[in-house]
Amino acid sequence: MVAGQSYAYREKRGTDQSMLKVNLLEKIGRKGKIRFDTGQHPGLDEYVETRQVVCAWGERAAVRRDEKRAVEFAEHANRTRDGALATTACAVLGSTGEPGAWVKGTGSSMSEAQLQRIIDRAGLKTEPAQRHRLAFRDRDGYVHLPLDAVVTLARAFAAAEPEIVVDYLDDTEEEYRIRGMQPGERFYRGHRRELSPSHAIARQWEGFEQKAKMLRKEIARLRTLVYRASRDLGEAGQERNAKALERALDGF
């Protein structure tokens, strides 16, 4: 807020309240001295709370547009709120390393650049604000996604980078387990138990299945290598060691 500039002012908070054009004469802490340019008393000077000054006068149309979208977003979010799925999606997107990857029961608000990187890594082509009919990019560059769109994105990311997701879940659980064993840190035990259901859901998503396929493929490769080693031992005259390897594999 800069003295001498014009701003949009609301007497009461609320998106249904009209905006009045005022000129900021002076800013003192949390208060500002304004002069009304419109309203019932143009030219009147008054001291007001700075939180009542909504935005620069030239930005009022963008603010109203964001407020309208936010109301529609909130109505949809209240119908689709799901704390368990939100915690699961938060855990998966947390593995991306993006600092703004946080999910609430209603959805997510993230910078467009960070969200775009996650979308790219998930192998998706849609632009961030096109991920849902109610998704929108606000005037500050943040994209707001409803929970159902966030869950879809999290599942796609888990499928694209399963190792990163599983390692992140394992590391988080181990960290909380160790910290919970320290004196005065019982909080982490309870928090670990609270996260267990959402982590279980995350492991059931496509990323877990791909991880399982990769592990099965690796096991098959290792079995082949051991059988070859057993054969080589037999050909080298070490039949006893060769048979021991084969028995161990048959029991695996």
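Predicted model: local features only at pLDDT ≥ 70, side-chain atom pairs only at ≥ 80, totals over all residues.
Helix 2, which spans residues 83–94, packs against helix 6, residues 187–204, at an angle of about 70 degrees, and the two axes are 8 Å apart. Because angles of 65 to 115 degrees count as roughly perpendicular, helix 2 and helix 6 are placed in that class. Their crossing is right-handed. On the side of helix 2, the contact is formed by Ala-84, Thr-87, Thr-88, Ala-91 and Val-92, and on the side of helix 6 by Leu-195, Ser-198, His-199, Ile-201 and Ala-202. Six of these residues are nonpolar and four are polar, and none is charged.

Helix 2 also packs against helix 4, residues 147–160, here at an angle of about 40 degrees and with the axes 9 Å apart. The two helices are therefore oblique to each other, and the crossing of helix 2 and helix 4 is left-handed. Helix 2 contributes Leu-85, Ala-86, Ala-89, Val-92 and Leu-93 to this contact, whereas helix 4 contributes Leu-147, Val-150, Val-151, Ala-154, Phe-157 and Ala-158. The contact of helix 2 with helix 4 consists of 11 nonpolar residues, with no polar and no charged ones. Val-92 of helix 2 takes part both in the contact with helix 6 and in the contact with helix 4.

Helix 6 has a further partner in helix 5, and the angle between helix 5 and helix 6 is about 165 degrees, with their axes 9 Å apart. Helix 5 is therefore roughly antiparallel to helix 6. The crossing of this pair is left-handed. From helix 5, the residues in contact are Val-166, Leu-169, Asp-170, Thr-172, Glu-173, Tyr-176, Arg-177, Arg-179 and Gly-180; from helix 6, they are Tyr-188, Arg-189, His-191, Arg-192, Leu-195, His-199, Ala-202 and Arg-203. By class, the contact of helix 5 with helix 6 has seven charged, six nonpolar and four polar residues. Leu-195, His-199 and Ala-202 of helix 6 meet helix 5 and are also part of the contact with helix 2.

The largest pocket has a volume of about 310 Å³. It is lined by 16 residues, and Thr-87, Cys-90, Ala-91, Trp-102 and Leu-195 are the closest to its centre. Helix 2, helix 5 (162–180) and helix 6 are the elements that each give two or more residues to this lining. The most comes from helix 2, which gives five residues. The lining of the largest pocket includes nine nonpolar residues, six polar residues and one charged residue. Among the residues closest to the centre, Thr-87, Ala-91 and Leu-195 also belong to the contact between helix 2 and helix 6.

The second largest pocket has a volume of about 240 Å³. Its lining is made up of 15 residues, and those nearest the centre are Phe-73, Lys-104, Ser-108, Ser-109 and His-144. At least two lining residues come from each of helix 1 (60–80) and strand 6 (107–111). Helix 1 has the largest share of the lining, with five residues. The lining of the second largest pocket is divided into five nonpolar, five polar and five charged residues.

Conventions:
Residues numbered from 1 in each chain as written. Heavy atoms only, no water. Axes fitted to C-alpha atoms, helices over the stretch in contact; angles between N-to-C directions. Helix = DSSP H or I, 4+ residues; strand = E, 2+ residues; numbered from the N terminus. Parallel < 35°, antiparallel > 145°, perpendicular 65-115°, else oblique. Left-handed = near helix turned anticlockwise from the far one by under 90°. Contact = heavy atoms within 4.5 Å. Nonpolar A, V, L, I, M, F, W, Y, C, P; charged D, E, K, R; others polar. 1 Å grid on protein atoms, 1.4 Å probe; cavity = no way out; pocket = protein on both sides within 12 Å on 5 of 7 lines; lining within 4 Å. Points joined across faces, edges and corners; volume = space filled by probe spheres on them.
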